[in-house]
Amino acid sequence: MSNNLPRMRMTGLQRRSQLIDVGRGLFAARGLDGTTIEEIAACAGVSKPVIYEHFGSKEGLYTEVVDCEFHILLDAVNAALTEQAKPRVLVERAALALLTYIEERTEGFRILMRDAPPSQPEGAFSTLLSHVTARVEHILSDEFSRRGLSGEDGAMYAQMLVGMVAMTGQWWQDSRQPDKHTVAAHLVNLAWNGLTGLKKDPELQSEF
């Protein structure tokens with residue numbers, strides 16, 4: 001008597017989710033051009049027509065993977081910037097949101113950093129940074145106005161701040177040292193205190 005149990009048939013949504021997971025892993029490792037539809041099908045244990053049925057093409061699957069990761073990261077950063085808090089704490093939370101995403105979804109971050117999908121020809125990560133910069137610009141403009149500074153300068157400083165956090169995140173993706181909380185603390189230390197006001201042992205002010 002065979003002990004092999006019959007394999008349960010996946011629903012359409014389950015199969016779609018599985019293919020996205022498989023595609024994410026392969027695209028992260030090999031890129032869009034380096035991944036074939038045959039490899040995706042083999043790893044998922046399906047025939048090529050199943051992939052075409054759900055996504056139309058390899059590029060369609062890739063776009064779905066990118067869109068999924070794009071919204072996960074954007075939602076995380078937006079949530080960090082939406083809560084009521086002082087601007088410095090909001091910057092801390094946003095930096096931690098990015099670093100946490102990199103830590104928990106490394107494959108997704110590699111994909112966002114690599115190829116531009118047809119839906120976002122300028123690049124998924126660049127598009128995301130544009131969204132985040134607009135939010136940060138609003139926060140900084142309010143803070144600048146409150147201090148009697150030019151609110152228009154907030155746009156320029158938002159670009160600087162978001163760019164600094166993004167570049168640090170790319171570096172930390174591979175190094176992973178020091179831990180994300182320490183990295184976030186040093187980011188805010190530089191952003192908030194400037195080179196002439198750096199503290200030797202910076203600490204985050206937000207709860208985590």
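**Aromatic residues, core and fold**

Analyst: To begin with one residue of this predicted model, F109 has a relative accessible area of 0% and is therefore buried.

User: With which residue does F109 form an aromatic pair?
Analyst: A search of the whole structure finds three aromatic pairs. One of them is edge-to-face, with 6.5 Å centre to centre and 70° between the planes. The partner of F109 in this pair is Y101.

User: Is Y101 buried or exposed?
Analyst: Buried residues have under 20% relative accessible area. The relative accessible area of Y101 is 4%, so Y101 is buried.

User: Which residue joins Y101 and F109 in one aromatic cluster?
Analyst: Y101 and F109 form an edge-to-face pair. The cluster that holds both of these residues also contains F125.

User: Which residues of helix α6 are buried, and which elements cover them?
Analyst: Helix α6 comprises residues 106–114. Its buried residues are T106, G108, F109, I111 and L112. Their cover includes α1, α4, α5 (87–104), α7 and α8 (153–175).

User: How many residues apart in sequence are the parts tied together by the pair of F27 and Y62?
Analyst: F27 and Y62 form an edge-to-face pair, 5.0 Å centre to centre with 85° between the planes. F27 belongs to helix α1 (residues 12–30) and Y62 to helix α4 (residues 58–82), so the pair ties together parts whose separation in sequence is 35 residues.

User: What relative accessibility does F27 have, and what does Y62 have?
Analyst: The cut-off for a buried residue is under 20% relative accessible area. F27 counts as buried, and Y62 likewise counts as buried. The value for F27 is 1%, and for Y62 it is 1%.

User: How many residues does the largest nonpolar core have?
Analyst: F27, I51, L73, L81, V132 and V136 have the most contacts inside this core. L73, for instance, touches A97, L98, Y101, L112, F125 and L128, leaving out residues up to four places away in sequence. The size of the largest nonpolar core is 56 residues.

User: Which residues does T168 contact beyond its neighbours within four places in sequence?
Analyst: T168 lies in helix α8. At 18% relative accessibility T168 counts as buried, because the cut-off is under 20%. Its contacts beyond those neighbours are V183 and L187.

User: Over the ring of which residue does the charged end of R176 sit?
Analyst: The charged end lies 5.2 Å from the centre of the ring. The ring belongs to W172.

User: What is the helix content of the region that UniProt lists as "domain: HTH tetR-type"?
Analyst: The unreviewed UniProt entry lists residues 13–73 for this domain. Over that range the end C-alpha atoms are 22 Å apart and strand content is 0%. The helix content is 82%.

User: How many helices does the chain have?
Analyst: The chain has zero strands, and its pattern along the sequence is α-α-α-α-α-α-α-α-α. Its C-alpha trace spans about 75 × 40 × 30 Å along the principal axes. The number of helices is nine.

User: Which element of the chain has the highest mean pLDDT?
Analyst: The chain averages a pLDDT of 86, and 91% of the residues score at least 70. Among the elements, helix α7 (residues 124–146) has the lowest mean, 83. The highest mean, 96, belongs to helix α2 (residues 37–44).

Key: Residues numbered from 1 in each chain as written. Predicted model: local features only at pLDDT ≥ 70, side-chain atom pairs only at ≥ 80, totals over all residues. Heavy atoms only, no water. UniProt positions renumbered as here; feature names shortened; annotations may be inferred. Helix = DSSP H or I, 4+ residues; strand = E, 2+ residues; numbered from the N terminus. pLDDT = per-residue confidence, 0-100. Core = buried A, V, L, I, M, F, W, Y, C linked by side-chain atoms within 4.5 Å. Buried < 20%, exposed > 50% of the residue type's maximum accessible area, 1.4 Å probe, protein only. Contact = heavy atoms within 4.5 Å. Phe/Tyr/Trp six-rings, centres within 6.5 Å; stacked < 30°, edge-to-face > 60°. Lys NZ or Arg CZ within 6 Å of the ring centre and 35° of its normal.
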